[in-house]
Each structure stands twice: as structure tokens, then as C-alpha cells.
Amino acid sequence: MAIDKSKVVIEINDLKKYFPVKSSSFFGKNKMWVKANDGVSLKIYKGETVGLVGESGCGKSTLGRTILKLLEPTDGQILFNGNDITHMKQRHIRPMRTDMQIIFQDPYSSLDPKMTVGQIIGEALTEHNIYKKGQELEDYIISVMNKCGLDDYMIHRYPHQFSGGQRQRIGIARSLALNPDFIVCDEAVSALDVSIQSQVLNLLMDLKDDNDLTYLFISHDLSVVKHISDRIGVMYLGDLVELAPSNDIYVDPKHPYTKALLSAIPTSDVEKQKKRIILPGGIPSNVFPPSGCKFHTRCPLATEKCKQEVPEWREVAEDHFVSCHFYEKTKTMGN
Amino acid sequence: MEENKNKKVELEEKELSVEESKAAQALREEQLSKQERDDVVISPTKVIWNNFKEKKIALLGLGIFAFILVVSFIIPIFTPSDINDIDATKIYQAPNFTNWFGTDKLGRDYFNRVVTGGKVSLYVGAIATTIATFLGVLVGSIAGFYGGKIDNLLMRFAEIVRSFPFLPLAITLSAALGSRYDASQKMLLIMVILGILGWTGLARMIRGMILSLREQEFMVAAKALGIKDRNQILRHIIPNVVSIIIVSATLGFAGNILVESGLSFLGFGITDPDTSWGLLIKDATASSTNVQWRPWLWIFPGVLILLTVLSVNFIGDGLRDAIDPRNNGR
């Protein structure tokens, strides 16, 4: 399905999610925070797949879960289909849950071991009174299972009787059964081996076409994200540093971090050896993030300005956003 | 040219055979899945029963327990004589054909007294365990699920309850209230005290389990699916802690029978002329002559307590294994 730019499914403005860290003094209140998301703004249009990449701990999953209000946002705004859900009570969000779903990374812990596949998939359907228990529900569950590549007879089996790939399909079927508009795929294929990964990715893409879905696809695997996404956002230490259509980001990365990240994709082409850009040091603490541009501690292009001024989030080409003072120089990196 | 053609034909033949085998495989799979479907469509209760049946020792426990239940609850209805029929001519008779378990110091039929005492002991055990388990599950799951302040409050309360010394409290209560109530009210009182003081351990264990369950992604998934809190607890949390509940309930049941025996033994539970297993043992061991020369007085209730406690534990063990779907052996 084509992307419908007139319909914004998810809009987040300056979204912040801080986790409290216990301070060491006995009487001190929680004064320190892990800044998992520190002011992220993003619009996701209907029918689009937005990929989200970044190293582990940069706040990708937190963002995905905060958008769905599985975590309470600290600050900022979340609009879902135009409704402000930022401060909505769980009780009021409950009916909207049928429209927004999540697929989890770990196909083992995300399925209740005491429930059969049929119960897992059907639970929410009866909870939201979409179906009553009975033959009709069972038929619907089986049709969803078939769509996700599961056989009929599996309906009465328990999750532990399945392989990782099959379990991930169960998780997908569970989300899909509610007929949602928007699905967050939180590292949905990371726990699977490569051949199963491609099967599940193809399944996700087919399902998207058949059901008019919108995805936020979170992954640390750049090749996976490239394969599935229309636009890609790159995160670093709780911030979105670059957002662009997926082709642009691979051809012409504007942020030095993106460029370094892309240079780390392994290539099978021996002729065309890429220059690997090695970033010095590790990820700084997100309890005490660096001043100015958070990336300045590791950035080969950093100057005094980067240490002091937070770079602006600006559109430097059509649909291409970046937050870097010296994005023009990024091209020169690695040469 | 000719060779190429041959090769092509060969290739086609190969493809054909591949297709054939694929079709055959599909057919086989279809048959297989049909077969599997047939033996898979059994209700969960049936699955549990099938698993339970395979545990011989659990079946044995069930048999013994059922027997004890039937004997304790049915036989008293049909016995011709009252448990307090005194016969001065038959004091301290050893087991014989008219008095299967012998007689006691007042010439009362001991079989009658043991069987009726069993009814009392089982009643006390069952009701006290039900109260304790219900409270434990309720408090533990609410504390674990909501966490934070509610958790803190409930757990501190549990600690307060836990710190009540049971024996002094029970002794004081039955001493203070005992004279005002009749036997059945006193029995009820004991059950309630046992239940109200006994839930804290289970509540703690369940809370702990739930804290770790809450971190599992399927709980996040349940939230994302919009499952109500109550149903999250009932459908996801309770089934995952049910093994603990069963173990705790069976141990608690056995324990409560023993505590009731202990209380009666100390003279603070059921008192003569009523009867319970603990009371019978107490009376029997009141004098060393009884212990030494009239063993039927303590052997029968003692063995019955032992059998009941053991069989309940076997049943609990078997049930716990049967309920766990990972034990299905498939």
C-alpha cells in the first residue's frame, strides 16, 4: 500500500522518558535519571514503515514502548490517530489497544507458557468483545494462524512445543488478530537465525500489504532495517540524530554517527572494500550525558562548538532531517 | 546437441519426480496433521487427568485420601451407636470383632471415635487451608502486581500478622472464649484462627514470584493487548503460580491437621466428649500405661494422621506436575 502522507498515525513531539536511579544517600530522593529518550520528535504516516536503528542502550525499545504507553512518558506529547494519549489513563487507552500493537524480540518470554496457542491469540479478542467464545472465534483464530504460516492443529498446543521461528509467528498472530493500524516491531527478528529472519520479514511485509499496516520497526541490524523500511531514524544516546528515506540514508548519510554505523555493515564484495570508520571510546553514560552535541566525545569532526551548543534538528534536504552542526563535512569522513 | 537434449529430458524427469515426492509429502503431512489434530483436541482438564494418572504414587495418595474421606464422612451417619455411648463393662478392651478399634477408658467404641474424630480433623484442615490460601493468593497477587506503596503496605501488614506468636494467641483465645462457645463454634474458631494467621508465607512467596513474572514480556504483551488488570492476574499470573499454591495448600492442609492435633493435644482445641485425632492421641498418651500396654489408643489415630498427611502431599505433588504443560512429555 502506498504511503498516505495526509494521515499521520503517530506523532510524537519532544518525547522524554526518564527512569529514576536511586541516589546513594539514604535520605536523598531520586535525583538522578537515566535519560532513555531525551526529546524525540517523529511523525509516522499511514502505510509507512519507519525503521529505528542505533546501538544497544540508545533508547530504541523505550521509545517504542513509550509510544504505545506501555511506559509512562516523562514529558512531551504523543498523538495516536490525532488523539492525545500522553496523559490518558490506562483504563481509557484500553479500547484503543486494538489499534496499536507490539511484536516482541524474545519469542520465548513473550508467550505465556501456561496458555495454548489458541488461548494466546484469542485472549484479547474475547477481552474486547470482538468475538464470543465458540466455534466462530476458533475459526477466526485458525484463519489468523494460517495467515501467519501456522497450521490448524497447532491451536491446542503450548508455546514450548514450538521452535523460535514458530513462536515468533504466534506472537505476530497475536498482534495481528486484533486488526491493528499500527504495530511496533521491537527487534522482532533479532532472536531468530538468518533464514528464519528472512521468512518472518517477508511475512511481515506481506501482512502489511494485506492489512494496511503501519510499522515502527526497531532493530540494531542495519541490513534488516534497510530491507523493510521506507524511512529510517538513527538514534544515539536517547536522541534521534538523523531521519531520512531509507535510500538517502544509505547513499548519503548526513550525521557522522550514521556514517560510522553504516561503515560497520559487513560486505561480501571483496572488490569494493569499504573504509571502516572506527569510533573511539564507548557510549557515554545516559545518566550524565555529554554537554552540547551528545556525540561530540566520539565524533571525528567535533569542534569546540559541538561541546557547547546542542545542534538543531533541521531539514537539510527533502525529508532528510539531521541534528549536527557540521553535517556538510560528514562526506569527508573516512576518505 | 543430442547430449544436451538427453540432459534436458533427464532434468525434466528429475523435476517431475521431485514434484511427485513433494505431493506425496504434502499428502502425508495432511494425514499426519489430521491424526495429530484428533489426538490433540482434548480438554485441558482431561490432559491434567491423563498426566495425573501416570503418577502411580499420586493415584495411590488419591485412593487413600478418598478412602479416608469416605470413611470419616459416611460411616458416622450409619453407625448404630453414639460416639459417647458409655459401657462400663467394656473398659480398655483391645480391638476385637464387636469393637474393631477396641474401647477407651469409658468403654466407648474407639472405631466410632476415631472415625468421627477424622471428620473433625479433616474439616479443620480443609477450612483453615482454604481461608489461608485464599487470603495468601489475594494479598500476594495484589501486592506483587501493583507493587510500590500497595506492596509495601500489604507486606508490612503481613509481617505484623506473621509476628503474632500462634500458640499463645490460640491458647489465650480458646481459654478466653472457650467456655462461652459450644464445640462446633470452637472448632470454627480454631479454623478461622489457623486460617487468618497462616496466609503470610504463601502471600510472600506469591508476591516474589509475581515480581519476577511481571518482568516477563508476556505481561507487557497482556498490557499491550488491553487485558484488564483483573484478568491479567486471573489468566496470566495465577496459572503461573498455581504450582506454588498447590504445594502450599497441600503442605498447609497437612500442617493444619497437625496443628489442630497439637492444640487438642495441649487441651486447647476440641475437648472431650467431642473428638478429633489430636485429642485422641492426647488422651492416649496421658499415661505411660496407655502408651505401653494399650497401643490401639494411639496407633489408630496416629496412623490415620500419617496416612492423611502423606496422601495429601502425594496428591499435591502429582497435581503440580500434571498441571505444568511442560510436563506433557510431548
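Is Y123(B) buried, partly exposed or exposed? I worked on a predicted model, in which local features need pLDDT of at least 70, side-chain atom pairs count only at pLDDT 80 or more, and totals for chains, interfaces and linings use all residues. Residues are numbered from 1 along each chain as its sequence is written, chains are lettered from A and ligands numbered from 1 in the order written, and side-chain values use heavy atoms, without hydrogens and water.

I found Y123(B) partly exposed, at a relative accessible area of 37%; the class lies between buried (under 20%) and exposed (over 50%), with a 1.4 Å probe and protein chains only. F73(B) is likewise partly exposed, at 28%.

I counted rings of Phe, Tyr and Trp (its six-membered ring) as paired if their centres lie within 6.5 Å, with planes under 30 degrees apart stacked, over 60 edge-to-face and the rest tilted. The count over all chains is 13 aromatic pairs. F73(B) and Y123(B) have ring centres 5.7 Å apart and planes at 70°, so this pair is edge-to-face. F73(B) lies in helix α3 (residues 56-78) and Y123(B) in helix α4 (residues 110-146), so the pair ties together parts 50 residues apart in sequence. Helices are DSSP runs (H or I, at least four residues), strands likewise (E, at least two), numbered from the N terminus. Chain B has 13 helices and zero strands.

I recorded one aromatic cluster formed by Y236(A), Y257(A) and F295(A).
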